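This report describes one structure for a reader new to it.

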Amino acid sequence: MKKLAILVSGRGSNFEAIARHIRERKLKAEIAAVVANVPTAKALETAETLGLPAISLPSKGIDTDTYAALVVERLAPLGIDLIILAGFMRRVGTPLLEAYRDRILNIHPSLLPSFPGLHVQQQALDYGVKHSGCTVHFVDAGLDTGPIVAQAVVPVLDGDTADTLAARILVEEHRVFSEAIALILSGAYCVEGRRVIRKD
Ligand code: GRF
C-alpha cells in the first residue's frame with residue numbers, strides 16, 4: 001500500500017476527507033503520518049481520534065529550511081511515497097523539496113494561476129471573477145506555482161462573502177484532492193513541461 005504523510009496547520013477538513021475516502025476504499029493508500037506544525041491544530045486531535053499516527057512538530061521560531069530538514073528526519077523511517085499539504089500554512093523548504101522531488105501535492109482554494117497566496121476568496125471577490133474553484137498542484141520552490149494535477153470550478157454568486165465562497169469551494173476540494181492523489185499514486189501520468197497528462 002502506498003504511504004501518505006499529511007502536513008497540516010489547522011482545521012484539517014481536507015485531511016478528514018482523504019481519511020474517509022481511504023476508509024471507504026475509494027482511495028487506496030495508507031496515512032502513515034499526520035504532521036502538524038501548529039501544536040493546537042484540530043487536525044492532530046482528529047488524527048488521534050481516528051487512530052492515525054499524529055506528530056506535533058512546532059515550526060514557530062524555526063526558519064523554513066531548518067524546519068523542512070526536521071520534517072525529512074521524522075518522515076525518513078516511514079517510507080513515505082507522497083506528501084500531502086492539506087492546509088499547511090508554511091513554505092516548504094529546500095530539504096523537503098529535494099528529498100521528495102515531484103512527490104509533494106498541495107491544494108489551493110483558487111483557480112491557479114489566479115490568486116496565489118493568502119486570503120484568496122476575498123481576492124477573487126474583489127477582482128469580480130464569476131467563477132473560482134480549487135487547484136491541486138505539485139509543489140515546487142515557488143508560491144503555488146507547480147504543475148497542475150486537477151482543478152474544480154464553482155460559480156461566484158452575487159451574494160457571496162469570502163466565507164460562503166470558501167464553503168462552496170471546500171466541497172470541491174474534498175472531492176478533487178483524493179482523485180488527484182489517486183492519479184499520482186497510480187503513476188498513470190507524465191509531466192510534459194508544465195502539463196500533467198493522464199496516461200491510459
Ligand atoms: C483549504 O481551503 C485549502 O485549500 C487551503 O487551506 C484550507 C485548509 O482547510 N490550502 P482544511 O484545514 O483542510 O480544513
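Two elements, α1 (13–23) and β5 (104–108), each supply at least two residues of the shell around the ligand. Helices (H or I, at least four residues) and strands (E, at least two) are DSSP runs, numbered from the N terminus. This is a predicted model, in which local features need pLDDT of at least 70 and side-chain atom pairs count only at pLDDT 80 or more, while totals for chains, interfaces and linings use all residues. Residues are numbered from 1 along each chain as its sequence is written, and side-chain values use heavy atoms, with hydrogens and water left out.

**The ligand**

Around the ligand are R11, G12, S13, N14, G87, I107, H108, P109 and E173; a residue is near a molecule if one of its heavy atoms lies within 4 Å of it. This shell divides into 2 nonpolar, 5 polar and 2 charged residues. The table gives polar contacts (pairs of N or O atoms within 3.5 Å).

| Residue and atom | Distance to an oxygen atom of the ligand |
|---|---|
| R11, N or O atom in the side chain | 2.6 Å |
| G12, polar backbone atom | 2.8 Å |
| E173, polar side-chain atom | 2.7 Å |

On its own the ligand has 370 Å² of accessible area, and the protein covers 86% of that. Such areas come from the Shrake-Rupley method with a 1.4 Å probe.

The largest pocket is the space taken by the ligand. On a 1 Å grid over the protein atoms alone, a pocket is an open set of points with protein on both sides within 12 Å along at least five of seven lines, whereas a cavity is a set where a 1.4 Å probe fits but cannot get out; lining residues have an atom within 4 Å of a point. A molecule sits in either if more than half of its atoms lie within 2 Å of its grid points.

**The cavity**

A search of the whole structure finds 1 cavity of 30 Å³ or more. The largest cavity holds about 30 Å³ of space, a volume being the space filled by probe spheres set on the points. Its lining consists of T64, Y67, A68, F88, R91, V92, G93 and L96. Helix α3 (residues 64–75) gives the largest share of this lining, 3 residues. By class, the lining has 5 nonpolar, 2 polar and 1 charged residues.

P113 lies in the loop between β5 and α5 (120–127). A cis peptide bond joins L112 to P113, with omega about 15°. F115 lies in the loop between β5 and α5; F115 is not a glycine, yet has a positive phi of about 60°.

Technical notes
Nonpolar A, V, L, I, M, F, W, Y, C, P; charged D, E, K, R; others polar. Polar contact = N/O pair within 3.5 Å; in protein donor to acceptor, adjacent residues only side chain to side chain.
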